[in-house]
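Try each task before reading its solution.

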Amino acid sequence: MGYLKDKRPETMMVTDRWEFGAARYKAHGLLEEFVAALKQKKLLGSLCTSCGKVIVPPRRICGRCHIYMDGRQIVSNIGTVTCFLISEPVKKDGMKMFGLDPVASGVLKVGEILIPAFVQFDGSDANFALVLSEVEPEDVKIGMRVMIKWVDNPQGHLSDIEGVVPLKKE
C-alpha cells in the first residue's frame, strides 16, 4: 500500500490546540527490557514469531495474529517520517505539557515551534512518536529520512531519546 502523498501531493493544514496532560505508561514488564536497550543506544522491539511483525516500542500481543510476542529484535536507529504536525509558535501560558507551562518551567522558549512526528524505524512495522528537531518546518516531508538523537550519557530512561533529526547525507 502506497503513501497517501502519492494520491494527494499537497500538504493539508489543520489549525487546532492540543492541551497536554499527565501521562502514565503501562509497562507489562516490557518497559524494563526497552529502557535497558536504550541505555546501549539501541531500539528494542517485539517480534511476532508467527507473522514476523516487529513492533517498537515492544508490546505483548501481536495486533495481526493475536498471539503473545515472545521474540525480541533490535531495529535500526534510522527511520522514515510517516506523519507529522507543526505547532504554532509557543506562547507563555499558551499550553500545558504534563500539567506545566513549558515556557514558565524553562523547557521551551517563547516562539519555539514543535514538530511531533511518527517515525517507522528500519526493521520495524510500527510507528513511534518522537519530536523532530534541527530542521525548518517548511523542509519537513512525509518520507523524510531521520535518525535518533540520543542524550550524551544514556541512563536507561525513556528520556535517553531526545527525538529525531534529519539524516545527514554523506
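A disulfide is a pair of cysteine sulfur atoms within 2.5 Å. The structure is a predicted model, in which local features need pLDDT of at least 70, side-chain atom pairs count only at pLDDT 80 or more, and totals for chains, interfaces and linings use all residues. Residues are numbered from 1 along each chain as its sequence is written, and side-chain values use heavy atoms, with hydrogens and water left out.

**Exercise 1. Count the disulfides, then look at Cys-48 and Cys-51.**

Step 1: Applying the cut-off gives a count of 0 disulfides.

Step 2: Cys-48 is in no disulfide, and its nearest cysteine sulfur, that of Cys-51, lies 3.7 Å away.

Step 3: For Cys-51, the closest cysteine sulfur belongs to Cys-65 at 3.6 Å, which is too far for a bond.

Step 4: Now check accessibility, where buried means under 20% relative accessible area, exposed over 50%, and partly exposed in between (1.4 Å probe, protein chains only). Cys-48 has 1% relative accessibility, so it counts as buried, whereas Cys-51, at 27%, counts as partly exposed.

**Exercise 2. Find the aromatic pairs and describe their geometry.**

Step 1: A pair of aromatic rings is described by the distance of the centres and the angle of the planes. Rings of Phe, Tyr and Trp (its six-membered ring) pair if their centres lie within 6.5 Å; planes under 30 degrees apart count as stacked, over 60 as edge-to-face and the rest as tilted.

Step 2: Searching the whole structure turns up 2 aromatic pairs. In one, Phe-34 and Phe-128 have ring centres 6.1 Å apart and planes at 65 degrees, so this pair is edge-to-face.

Step 3: Phe-34 sits in helix H1 (residues 30-39) and Phe-128 in strand S6 (residues 128-131), so the pair links distant parts of the chain, 94 residues apart.

Step 4: Phe-121 and Phe-128 are also edge-to-face, because their ring centres are 6.3 Å apart and their planes stand at 70 degrees.

Step 5: Put together, Phe-34, Phe-121 and Phe-128 form one aromatic cluster.

Conventions. Helix = DSSP H or I, 4+ residues; strand = E, 2+ residues; numbered from the N terminus.
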